[in-house]
Amino acid sequence: MAVMKSVLEAIGNTPLVEMERLVKHWKLNGRILAKLDHLNPSGSKKDRIALGMIREAERKGLLKSGQTVIEETSGNTGNGLALVCSVLGYPFVAVMSKGNSVERVRVSRAFGARVVLVDQAPASKPGEVSAADFDLVTAETERLTKELGAYCVGQFTNSDNAAAQERTGDEIWEQSEGEVDAIADFMGTGGGFTGIATSMKRHNPSVRCYVVEPENAAYYSGECAESFRGHRVQGGGYGREIPFLDRSLIDGCVKVTDKEAMDGARALSGVEGIFGGFSSGAHAAAARKLLESGEQGKTIAIVICDSGLKYLSTDLYS
Ligand SMILES: Cc1ncc(COP(=O)(O)O)c(C=O)c1O
């Protein structure tokens, strides 16, 4: 590998690893391929969209030299943007709910970002971020964007988010030499699911694309019209409509409990040496359910979204 001009060149092109030990451990029939996106420089898959969205904003003339960049984030996009903005010389403000883990706040601050923490809604719990919490973060982001004359990245509506993660799908396809029968992905912005599913269906329309949902926020499974009950899978599962998700990409939904997600993360680290967070565990648990039911004998691709290091303040690995 040649000398890189900056750490930005180390974003993406992550390894794809066969979960042979996990498949044996859980006595499954089939294959799980894990895309190690927690190995991106700030520790999550969101480095890809941070770089992609900033580069596109520059190209489209939306972001001026030296202008402040702002974003509402559960933390990982903030970490990625903080890193990218520090290298490219933009001041960055991350607006976050207090419900997210403290590690993400500190990582953004380490890259020089200003982090604005927004109180949770009265009925919310720390470690569980609801749609109501996110609405408060959105309102504060809108206020600060005007006050600072900032460029708001807008990952929830910015199609360059999905475009950057379509590349993740292309990498999975190339690395597996087209040997993917299904993917399973947990949604926050839905950029990951949309991007990877778009890539898979472009390569082979018969690849099945499953949305992974917390049992307590099973919106796309059709069970969470109004009654969002909290869950611990940070980074998504807000139990509400996702603006740029094309529902025709969804072939099915897999529900996972907090315990299954946590057991999944612990099995990934304990059996495979892969240190992911709650959503990575949810992906492993979903792949397990698929291989135990309709996808027996098949190959399921999942993403390791972020590093377990971002959850050391929680009981995930205590
Ligand atoms: C840890 C983690 N997993 C999964 C997701 C969901 O990814 P996406 O926003 O691409 O749907 C996020 C988003 O913030 C995340 O931080």
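The questions and answers below tour the pockets, cavities and ligand site of this predicted model.

Visitor: What should I know about numbering and confidence limits before we start?
Guide: Welcome! Residues are numbered from 1 along each chain as its sequence is written, and side-chain values use heavy atoms, with hydrogens and water left out. In this predicted model, totals for chains, interfaces and linings use all residues, side-chain atom pairs count only at pLDDT 80 or more, and local features need pLDDT of at least 70.

Visitor: How many cavities of 30 Å³ or more does a search of the whole structure find?
Guide: On a 1 Å grid over the protein atoms alone, a cavity is a set of points where a 1.4 Å probe fits but cannot get out, whereas a pocket is an open set with protein on both sides within 12 Å along at least five of seven lines. Grid points are joined across faces, edges and corners, and a volume is the space filled by probe spheres set on the points. With that cut-off of 30 Å³ or more, the whole structure holds five cavities.

Visitor: Which element gives the most to the lining of the largest pocket?
Guide: Elements are DSSP runs numbered from the N terminus: helices (H or I, at least four residues) and strands (E, at least two). Two or more lining residues come from each of β3 (69–72), β8 (208–214) and α5 (131–148). The most, five residues, come from α5.

Visitor: What is the volume of the largest cavity?
Guide: Its 23 lining residues include K45, K46, G235, S279 and C305, the closest to its centre. They divide into five nonpolar, 13 polar and five charged, and α7 (191–203) supplies the largest share, three residues. The volume is about 210 Å³.

Visitor: How much of the ligand's accessible area does the protein cover?
Guide: Among the 19 residues around the ligand (a heavy atom within 4 Å), K46 places a polar side-chain atom 2.7 Å from a ligand oxygen. A backbone polar atom of G188 is also 2.7 Å from an oxygen atom of the ligand, while an N or O atom in the side chain of S279 is 2.7 Å from a ligand nitrogen. Of the 390 Å² of accessible area that the ligand has on its own (Shrake-Rupley method, 1.4 Å probe), the protein covers 98%.

Terms used. Polar contact = N/O pair within 3.5 Å; in protein donor to acceptor, adjacent residues only side chain to side chain. 1 Å grid on protein atoms, 1.4 Å probe; cavity = no way out; pocket = protein on both sides within 12 Å on 5 of 7 lines; lining within 4 Å. Nonpolar A, V, L, I, M, F, W, Y, C, P; charged D, E, K, R; others polar.
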